[in-house]
Amino acid sequence: MIVYILCFILFLVGLYGLITRRNLIKIVISLSIMEFSIFILLVLIGYIDGGIAPIIPENVTNPTYVDPLPQAMVLTAIVIGLATTAMLMAIAIRLYRKYRTFDIRDIKNLKG
Amino acid sequence: MNSLIPLFVIIPLATAFLIPIIGKITNYFAKTITPIILLALSILSISFLFYGKHESYIIGGWQPVENIPIAIYLVLDGFSCLVLCITSLIGFLVSFYSISYIKKYTSENNFYALFCLMIAGMNGVVLSGDIFNLFVFLEISVIASYALVAFGVGKNELEASFKYQVLGNIASFLILFSIALLYWQTKTLNIADISKVLQNYDNSIFLTFTQIILITGFGLKAAIIPFHAWLPDAHSSAPSPISAMLSGVLIKAVGVYVLVRLFFNMFVFTYEIGVLVAVLGTLSMIVGSLLAINQWDIKRLLAYSSISQIGYIMIGFGIGMMILTKGGEASIAVLAIAGSLFHMVNHSVFKGLLFLGAGAIEFRTNTRDMSQLGGLSENMPITSTTSLGASMSISGIPPFNGFFSKLIIIIAAIQGKFYLLALLAVIVSIITLAYFLKFQKSVFYGKNKNYKNIKEVPFAMSFSMIILVILCIGLSVLAIPSIREVILDQAVSSLINMDHYINLVIQY
């Protein structure tokens with residue numbers, strides 16, 4: 001149970017950073033933290049107490065395996081996360097070149 | 001395995017990767033191949049729609065083990081076929097329009113590559129029968145759209161793209177979180193299989209929690225009102241053809257489509273969820289239209305009106321859900337859902353046309369400020385006429401298609417005894433008419449102050465707009481009951497009959 005709570009706290013850390021930080025790069029980092037808390041949750045879902053990696057070993061009868069599907073899902077999700085982070089960073093750097101600042105309080109042409 | 005379904009994903013995806021390679025050799029490859037493949041795909045999807053072809057395709061040929069599907073499925077039924085038609089057809093017209101429009105940007109090849117990637121992602125979302133695979137396709141299409149919004153690399157474009165990405169990423173986390181929760185409880189990812197497991201599942205608090213997370217996630221993608229903050233910025237900053245794609249197709253394919261698909265075919269929806277959907281729809285309908293009145297930027301006005309029209313679509317589905325769960329007359333629910341689907345098709349046609357028209361104005365005058373424009377109807381007759389048609393259609397004036405779809409939704413609301421909803425829908429329709437009259441008057445009529453010597457747009461742009469305005473009138477025939485039964489009711493029946501979808505995937 002404690003692991004799930006820690007995972008939730010990690011999510012809240014990311015959310016806190018996203019809401020309070022004014023720096024574009026720090027916002028991107030906060031988003032990554034939130035993202036990874038969800039990845040950890042996915043891995044935890046597939047974990048079984050005392051389970052081993054899902055590879056058939058020799059000389060062991062009826063071993064307990066952890067669920068391999070969430071692991072595959074997390075690997076895919078990490079790749080997607082890489083793409084989104086790279087995209088965010090690219091836009092942040094372009095914004096810096098235009099405005100000469102990372103502060104979102106100075107970047108407010110649009111009103112939403 | 002002689003199925004043609006995977007072509008909808010494979011062809012655009014392969015083109016997206018071929019364009020940067022072959023584009024280095026010749027400049028004409030990208031702009032010829034993109035409209036051609038999208039025309040081919042739209043012909044294919046329309047033929048599927050008329051033949052009523054419903055089938056599923058197993059990627060990799062991994063057959064089910066003990067009736068449990070283990071492979072990734074692509075499922076084509078009436079509803080997904082309808083959305084595929086919209087994606088391909090609007091995609092074709094928009095890519096044809098771009099041939100002239102995109103000349104003012106530098107890297108045409110990148111534009112077309114990202115465009116094809118976005119189409120591939122959306123087709124994948126629409127076809128996928130597996131929620132994690134759906135998430136992957138969704139990310140493909142939205143990452144391409146993040147890049148396309150920032151395509152102008154000006155100050156506004158970059159800021160809009162950053163805002164869009166932050167909110168879009170939060171939506172993706174919520175969707176991934178809900179997928180994790182669903183997998184935790186059901187130990188499967190296949191939509192049909194999940195729905196089979198959930199039929200004998202009684203942890204209702206957990207299910208409601210998952211449903212709320214899903215509504216929040218896809219509501220952010222569909223820009224329903226409390227989650228709409230990114231849409232006006234992103235849709236007005238993107239290049240005009242992309243605005244037409246985003247507003248016309250993307251928010252439906254990755255937002256509304258998935259919500260409807262999951263709630264009708266995966267969860268056993270409750271009355272409360274129906275009320276929630278209807279309330280969110282009403283809110284976005286009213287607030288979106290009220291926010292649109294005061295806009296002086298053409299594309300921002302259109303973007304806010306998109307929020308308002310998405311509200312109409314959600315209301316129809318909400319009414320259908322409420323009637324179905326309360327055990328009311330099924331025919332009224334069918335009418336409401338058919339009206340929603342009809343409005344979804346219509347909205348992508350006329351909103352695409354309006355954004356293309358706004359793009360044509362921007363192409364010639366380099367401004368989007370309505371107070372600067374005026375009297376363009378003499379200089380740009382085609383743009384003026386087509387925009388007038390689309391404006392009349394969106395504000396619900398017969399004989400244009402928008403009138404009939406709104407009429408069907410309102411009739412269903414009255415028959416289902418939701419009088420307040422019907423009244424609000426009529427009032428919002430009048431407000432819509434008001435702000436489109438303002439748009440027409442200040443752009444095309446009145447006195448021409450600053451732009452006396454501009455010409456009509458080139459052929460490629462006017463051609464797409466003319467085809468779309470013909471569609472605006474021609475789609476009205478879908479309101480005739482016998483034609484409606486062939487096209488819309490197929491989609492409705494594949495939504496309402498849960499077994500239909502499950503049977504496509506799992507053969508008992």
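Student: In this predicted model, which residues of helix H7 (residues 191-199) of chain B are buried?

Tutor: A residue counts as buried if 20 or more other C-beta atoms lie within 10 Å of its own. The model is a predicted one, and the test is applied here to its helix H7 of chain B. The buried residues of H7(B) are B:Ile191, B:Ala192, B:Asp193, B:Ile194, B:Ser195 and B:Lys196.

Student: Which helices of chain B do the buried residues of H7(B) pack against?

Tutor: The residues concerned include B:Ile191 and B:Ile194. The buried residues of H7(B) pack against H5, H6, helix H10 (240-265) and helix H19 (498-505) of chain B.

Student: How many residues of chain B are in contact with chain A?

Tutor: Two residues are in contact if their C-beta atoms lie within 7 Å. On the chain A side, 26 residues take part, and the number from chain B is 27.

Student: Which helix supplies the largest share of the side of chain B that touches chain A?

Tutor: Helix H5 (131-149), helix H6 (155-186) and helix H9 (230-237) of chain B each supply at least two residues of that side. By class, the side has 19 nonpolar, four polar and four charged residues. The largest share, 16 residues, comes from H6(B).

Student: Which helices do the buried residues of H3(A) pack against?

Tutor: The buried residues of H3(A) include A:Met73, A:Ala77, A:Thr84 and A:Leu88. Their partners lie in both chains: helix H2 (24-46) of chain A, together with H5 and H6 of chain B.

Student: Which residue follows H3(A), and what is its phi?

Tutor: The residue after the helix has a positive phi, near 60 degrees. That residue is A:Arg100.

Student: What is the radius of gyration of chain A?

Tutor: Chain A holds three helices and zero strands, and its C-alpha atoms fill a box of roughly 65 × 25 × 20 Å along the principal axes. Buried residues make up 22% of its 112 residues. A compact globule of 112 residues would have a radius of gyration near 13 Å, but the value for chain A is 20 Å.

Student: Why does the radius of gyration of chain B agree with that of a compact globule?

Tutor: Chain B comprises 19 helices and two strands, and 61% of its 508 residues count as buried. For 508 residues, a compact globule would have a radius of gyration near 23 Å. Chain B agrees with this, because its radius of gyration is 22 Å.

Student: Which residues of strand E2 (residues 73-76) of chain B cover its two faces?

Tutor: Strand E1 (residues 55-58) of chain B is joined to E2(B) by four bridges, and the two run antiparallel. In this pairing, B:Tyr57 stands opposite B:Leu74. Both faces of E2(B) are covered by buried residues: on one side B:Tyr73 and B:Val75, and on the other B:Leu74 and B:Leu76.

Student: Is B:Leu301 buried or exposed?

Tutor: B:Leu301 lies in helix H12 (residues 298-326) of chain B. Its contacts beyond four places in sequence are B:Ala292, B:Gln295, B:Tyr435 and B:Phe439. Because B:Leu301 has 25 C-beta neighbours inside 10 Å, it counts as buried.

Student: How far apart are the C-alpha atoms of B:Ala292 and B:Tyr304?

Tutor: B:Ala292 is placed in helix H11 (residues 271-293) of chain B, and it is buried, with 25 other C-beta atoms within 10 Å. Leaving aside neighbours within four places in sequence, its contacts include B:Leu301, B:Tyr304 and B:Tyr435. B:Ala292 and B:Tyr304 are twelve residues apart along the chain, and their C-alpha atoms are separated by 5.1 Å.

Terms used:
Residues numbered from 1 in each chain as written. Chains lettered and ligands numbered in written order. Predicted model: local features only at pLDDT ≥ 70, side-chain atom pairs only at ≥ 80, totals over all residues. Rg over C-alpha atoms; globule rule 2.2 N^0.38 Å. Buried ≥ 20, exposed ≤ 12 C-beta atoms within 10 Å, placed from the backbone. Nonpolar A, V, L, I, M, F, W, Y, C, P; charged D, E, K, R; others polar. Pairing = 2+ DSSP bridges.
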